[in-house]
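Reader: Please take a close look at a single part of this model and describe its surroundings. Name the cut-offs as you go.

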Amino acid sequence: MLISLTILWALSLSFPQASANFFPSKSFVKSSIVQVGSAQSQSPELAEAKELVSRVVKLYGERKYEEALPLAKRALQIREKVLSPDDQLVRSALVNLAELYLALGKYGDAESPFDRVITSYRNANPNDVRLINVLDSMALVQYAKGNLHKAESAYQESLRINEKTFGSENPGTVESVFKLAEFYQFSGKYEKAVPYYQRLLSFREKSEGPKRDEQLAEAIDRYACALRKLNRGEEANNLEKRIYRSSADSGNRSEAEILGNVLNGRAISLPRPSYPEDARAAGVSGTVLVRVVIDEKGTVIRACALKGPRLLVRPSEIAAYRARFTPTKLSGIPVRVTGVITYNYVHR
């Protein structure tokens, strides 16, 4: 499972300008490579649309979203004129347009084309696996707009389709479980997050492969983070010991190398967190401690607020994900670093 999911929740949903940098959308890529049939390929209009989509995909990969937007609109216009509303090529053009809006942080504009695609798939087959990625993207849109119930419903539907089609332990199902767990944690619904983290951890413990240790550490770290926010610190500590004991036993010092150091002074970029209006209105102030895991490139890949006022936890975690550090090396080899970033909120 990609670590970037956590960065996605923290950044793209709360800082629209950052969404393009941290959301390589699967649904965009998959829908953009739909092949046209031999009969349709004879249509000059559809040939033009196909060429436009190719340019859109290229520009999207280069993060030139504004430049790609009119091309995506034109491709959709052509396909809607020639094809039926439920044709897969129309659906793919709608998804492409919606993903561009999402990358630009234009969530209101993204909602309508995503909704059209979802309705089209549901009417034809409510268990169509192609719904999964579109539902996940719609969940992000709804989260960004503050419609948490709709976001939750979209993720739940995505998980249901995965489970029904592929089973409870398929990688796609596990990814859906992880997304729900993260959604609940970032929404402050920690009790709801716990059973999904438990499912994730159970799967990671049984999994194999070269990424197994990293994925298991991620599952433990995120689960422990939710437990801490529920004041279940002892359980969290026992979980986290497994990460560091495993690192020490294997001789891999990367994630246990620096533990507990305050890292503020080592940051090359340390954006200030936003001060939520509800916290400011309530006169909430204080210090938030955020434990972070920094990868070999100096990027924060995991962040968890360990201590601080509840209303200031989420903006502190979001700010931590945006921080950048000089890579740390041991004997000339880049390593991961675990430490703490502190954020001080002063009410005026």
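Author: Helices (H or I, at least four residues) and strands (E, at least two) are DSSP runs, numbered from the N terminus. The model is predicted, and local features need pLDDT of at least 70, side-chain atom pairs count only at pLDDT 80 or more, while totals for chains, interfaces and linings use all residues. Residues are numbered from 1 along each chain as its sequence is written, and side-chain values use heavy atoms, with hydrogens and water left out.

The protein has 15 helices and 8 strands. Of its 348 residues, 51% are buried (under 20% relative accessible area; exposed is over 50%, partly exposed in between, with a 1.4 Å probe and protein chains only).

Because its relative accessible area is 39%, proline 327 is partly exposed. Leaving aside residues up to four places away in sequence, proline 327 touches Glu296, Lys297 and Gly298 (contact means heavy atoms within 4.5 Å). Glycine 298 is 29 residues apart from proline 327 along the chain, yet their C-alpha atoms are separated by 4.6 Å. For the protein's contacts between residues at least 6 apart in sequence, 68% join residues at least 24 apart.

Helix packing gives some context elsewhere in the chain. H9 and helix H10 (residues 171–186) pack at an angle of about 160°, with their axes 8 Å apart (axes are lines fitted to C-alpha atoms, for helices over the stretch in contact, and angles run from 0 to 180 degrees between N-to-C directions). H9 is therefore roughly antiparallel to H10 (over 145 degrees; under 35 is roughly parallel, 65 to 115 roughly perpendicular and the rest oblique). On the H9 side the residues that meet H10 include Leu148, Tyr155 and Phe166, and those in H10 include Val177, Leu180 and Phe183. This contact has 9 nonpolar, 6 polar and 3 charged residues (Ala, Val, Leu, Ile, Met, Phe, Trp, Tyr, Cys and Pro count as nonpolar, Asp, Glu, Lys and Arg as charged, and the others, Gly among them, as polar).

The axes of H9 (residues 148–166) and helix H11 (residues 190–206) come within 15 Å and cross at roughly 25°. That angle makes H9 roughly parallel to H11. Here Glu152, Gln156, Leu159 and Glu163 in H9 meet Lys192, Tyr196 and Arg199 in H11. By class, that contact has 2 nonpolar, 1 polar and 4 charged residues.
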